[in-house]
Amino acid sequence: MKIVINGADSAGDVPCSDLIPSSFQAVYVNSENALAAALPGAEVLVGWAFADRSLENCFRHADRLKWVHCCSAGVDAVMFPALQESDVIVTNSRGLFDKPMAEYLLGYMLGQNKKFNDTRTGQVSKNWAYQETISLQGQTAVIFGVGSIGREFARYLKFMGVGVSGVGRRYRENDPDFGTIFGAESRLEVIKDADWVVAVMPDTPETHDYFDSEFFNAMKVSSRFVNLGRGTAVDETALAVSLNESRIAGALLDVFKSEPLPVDHAFWECKNLMISPHMSGDFQGYREELFKIFIANLERYSGGLPLQNPVDTRVGFAVG
């Protein structure tokens, strides 16, 4: 059976690729032309480069393709009409990044409330700048995106005494992690008293520029915005204006519409904005773990078992 691994020049670029059984023919490609040439006869495609979108242009060459596995949580790079209308199964690496991203979020929140930046500034200037800090206990957070990552956020924050609610596609009550999940129609109402607004939404047509000027104007001035989901969800001009005019207290962005963030982008000069280079879920050794997820699914595929982390191609994210 032929497996195409897209986004790598050779096996040496993919940790744990030696775990692929010798009964499989693994072909490594790292360009659109190479992908087009490798797809005929391939039954499995592995998206090692999570942002690579070349499959859409090459899909007509996929004459035997049955399964696409994405080495990422997001699958927007392979969500194009021809694939969505086909019988090709798509899986992702859901679950691997949940805890690291929750730690990243919590680290930012604690750093802001405990005023670590101010303390460091005082140290550098040899200023004994005593100040009282803020407790997370009793604060509130609204999480936009109620999949596995958002749920891990909720569990971490609830442990710290933060009141948590979620916003998803539809309203529902008695959720084990969020209590109440609100529908998108309530998005402006639920954030008006929140201390923290956290976005971890997938990239779909419905989420583009979801967080716009109307949204940021509805937040209270002491609140902070965090986006660890997809950069396409944020109207970047609107957020820059809100930060520079102190309409909200601050923000953390780990994802952007254009990555790397251009050096002339307005965000670099924004007040009270922390920029991180799409790293909130990455940890030492994560690449090995990513490929092990594929290997585990490959064993299931070979045995005719249902694959783990299936993606609902109609909506563009993992289900179940």
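# Reading a predicted model

Tutor: Let's start with G281, which sits in the loop between β13 (273-275) and α10. Keep in mind as we go that this is a predicted model.

Student: Is G281 buried or exposed?

Tutor: To decide, look at the relative accessible area: under 20% means buried. G281 has 6% relative accessibility, so it counts as buried.

Student: Which residues does G281 touch?

Tutor: Setting aside residues up to four places away in sequence, G281 touches F97, P100 and M101.

Student: Which residues does a cis peptide bond join?

Tutor: Go to E259 and P260, which are joined by a cis peptide bond with omega of about -5°. P260 is in the loop between β12 (250-253) and β13.

Student: Now the inside of the protein. How should I think about a nonpolar core?

Tutor: In soluble globular proteins, nonpolar side chains tend to be buried together. Here, the largest nonpolar core has 47 residues, and those touching the most other members are I3, I5, I143, F153, L157, F291 and F294. Among the elements giving two or more residues to this core are β1 (2-6), α4 (98-113), α6 (148-159) and α10 (286-302). α10 gives the most, with seven residues.

Student: Which residues does I5 touch?

Tutor: Not counting residues up to four places away in sequence, I5 touches V14, I20, V27, Y28, V29, V46, W48 and F291. There is also a second, separate core of 29 residues, including V190, A194, V197 and F211.

Student: F211 makes me curious about F216. Where does F216 lie, and what is in contact with it?

Tutor: F216 lies in helix α8 (residues 213-218) and is buried, with a relative accessible area of 0%. Leaving aside neighbours within four places in sequence, F216 is in contact with F211, F225, V234, D235, A238, L239, S242 and I248. From F216 to L239 there are 23 residues in sequence and 7.0 Å in space, C-alpha to C-alpha.

Student: How do I describe two helices that pack together?

Tutor: Two packed helices are described by the angle between their axes and the distance between the axes. The crossing of α4 and α6 is right-handed.

Student: Which residues make the contact between α4 and α6?

Tutor: Those from α4 include M101, L105, L106 and M109, and those from α6 include I149, F153, Y156 and L157. By class, the contact has nine nonpolar, one polar and four charged residues.

Conventions. Residues are numbered from 1 along each chain as its sequence is written. This is a predicted model: local features need pLDDT of at least 70, side-chain atom pairs count only at pLDDT 80 or more; totals for chains, interfaces and linings use all residues. Side-chain values use heavy atoms; hydrogens and water are left out. A nonpolar core is a set of buried Ala, Val, Leu, Ile, Met, Phe, Trp, Tyr and Cys residues joined through side-chain atoms within 4.5 Å. Buried means under 20% relative accessible area, exposed over 50%, partly exposed in between (1.4 Å probe, protein chains only). Helices (H or I, at least four residues) and strands (E, at least two) are DSSP runs, numbered from the N terminus. Contact means heavy atoms within 4.5 Å. A crossing is left-handed if the near helix is turned anticlockwise from the far one by less than a right angle, and right-handed if clockwise. Ala, Val, Leu, Ile, Met, Phe, Trp, Tyr, Cys and Pro count as nonpolar, Asp, Glu, Lys and Arg as charged, and the others, Gly among them, as polar.
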